[in-house]
Amino acid sequence: MHDKAFFLERAISRSLDWAGRYPALGCAPHDPQSLSNGRQVVAAAISPSGVRCVFFSAIGSVFDFTATWDELERTKTWWYFVQRWYFWVVPDRQTLDGLNVTGLPLDHAIVPARTSDLDDTAYRSWLGAIEARARLRGSLVAVPLDLETV
C-alpha cells in the first residue's frame, strides 16, 4: 500500500453521531481560539503492536484509523506528513514520544486517559474527556492542564 491510499483504505468513516458528540474537536480547524489553534485534530493512542487515531477533519468528517508499526514504516512519507499537519492529542508523554518518528516537535496537548488500555469504550470515554476539557477551558493550548484530572 502506498501512503495516502493506505489511509483511505484503512480509515473507517464514523457516523454523524460521532461528529455531533465531539463538536469542539470537529470545529477546531475553523477556530483559532480552539484547542488546536485552528488546526485539524487527531486523538491518538499507541500499543506495542501499533496505533489508533481518530481524525477530526476540517470538513466535519471523523475517521477512525488503526495500523501496525510495520505498516506505518512502509508508508513513511504519509505518516511524516500527518505528524506535521495535525494537532495531536495523546494520553501521555510516552505516546507522544512513540508517535514522533521524525524527532521534530509535534504540536500537541496531553489529556490523560483513565486507563492505559484504550479499548473502544475507554477510547470513546477519553474522546469525551478531551471534548469536555475543550468546552470547559476553551483552549487546551492557552490554559495549563491539570494532569491529575480529566
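Is lysine 76 buried, partly exposed or exposed, and at what relative accessibility? In this predicted model, lysine 76 counts as partly exposed, at 34% relative accessibility. Its side chain takes part in a salt bridge with glutamate 73, in which the closest N and O atoms are 3.0 Å apart. Glutamate 73 likewise counts as partly exposed, with a relative accessibility of 46%.

The average pLDDT of the protein is 83, and 85% of the residues reach a score of at least 70. Residues 139-150 have a pLDDT below 50, although this stretch has 27 contacts in the model beyond near neighbours in sequence. Where pLDDT is low, the predicted coordinates should not be read in detail.

The strands form an open sheet of six, arranged in the order S1-S4-S3-S2-S5-S6 with mixed pairing. Strand S1 (12-13) and strand S6 (108-110) are the edge strands, each pairing on one side only. Within the sheet, strand S2 (residues 41-46) runs parallel to strand S5 (residues 87-90), and three bridges join the two. Valine 42 is placed opposite tryptophan 88 of S5. Helix H5 (residues 76-85) packs on the sheet, where it touches strand S3 (50-56), strand S4 (62-68) and S5. The direction of helix H5 makes about 90 degrees with that of S5.

Threonine 95 is located in helix H6. This residue counts as buried because its relative accessibility is 4%, under the 20% limit for that class. With neighbours within four places in sequence left aside, threonine 95 is in contact with Ala44, Ala45, Ile46 and Val90.

Seven salt bridges are present in the structure. One of them joins the side chains of aspartate 107 and arginine 39, with an N to O distance of 2.0 Å. Aspartate 107 belongs to the loop between helix H6 (93-99) and S6, and arginine 39 to the loop between helix H3 (23-27) and S2, so the pair ties together parts that lie 68 residues apart in sequence. Both partners are classed as partly exposed: aspartate 107 has a relative accessibility of 41%, and arginine 39 one of 22%.

Another salt bridge is formed by arginine 52 and aspartate 120, whose closest N and O atoms are 3.0 Å apart. This pair also links distant parts of the chain, since arginine 52 lies in strand S3 and aspartate 120 in helix H7 (residues 120-137), 68 residues apart. Arginine 52 is buried, with a relative accessible area of 14%, whereas aspartate 120 is partly exposed, with a relative accessible area of 39%. The two residues also belong to a network of salt bridges that links Arg14, Arg52, Asp64 and Asp120.

The loop between H3 and S2, which holds arginine 39, also contains asparagine 37. Asparagine 37 adopts a positive phi of about 55 degrees although it is not a glycine. The residue is partly exposed, its relative accessible area being 45%.

Methods
Residues numbered from 1 in each chain as written. Predicted model: local features only at pLDDT ≥ 70, side-chain atom pairs only at ≥ 80, totals over all residues. Heavy atoms only, no water. pLDDT = per-residue confidence, 0-100. Contact = heavy atoms within 4.5 Å. Pairing = 2+ DSSP bridges. Helix = DSSP H or I, 4+ residues; strand = E, 2+ residues; numbered from the N terminus. Axes fitted to C-alpha atoms, helices over the stretch in contact; angles between N-to-C directions. Salt bridge = Lys/Arg side-chain N within 4 Å of Asp/Glu carboxyl O. Buried < 20%, exposed > 50% of the residue type's maximum accessible area, 1.4 Å probe, protein only.
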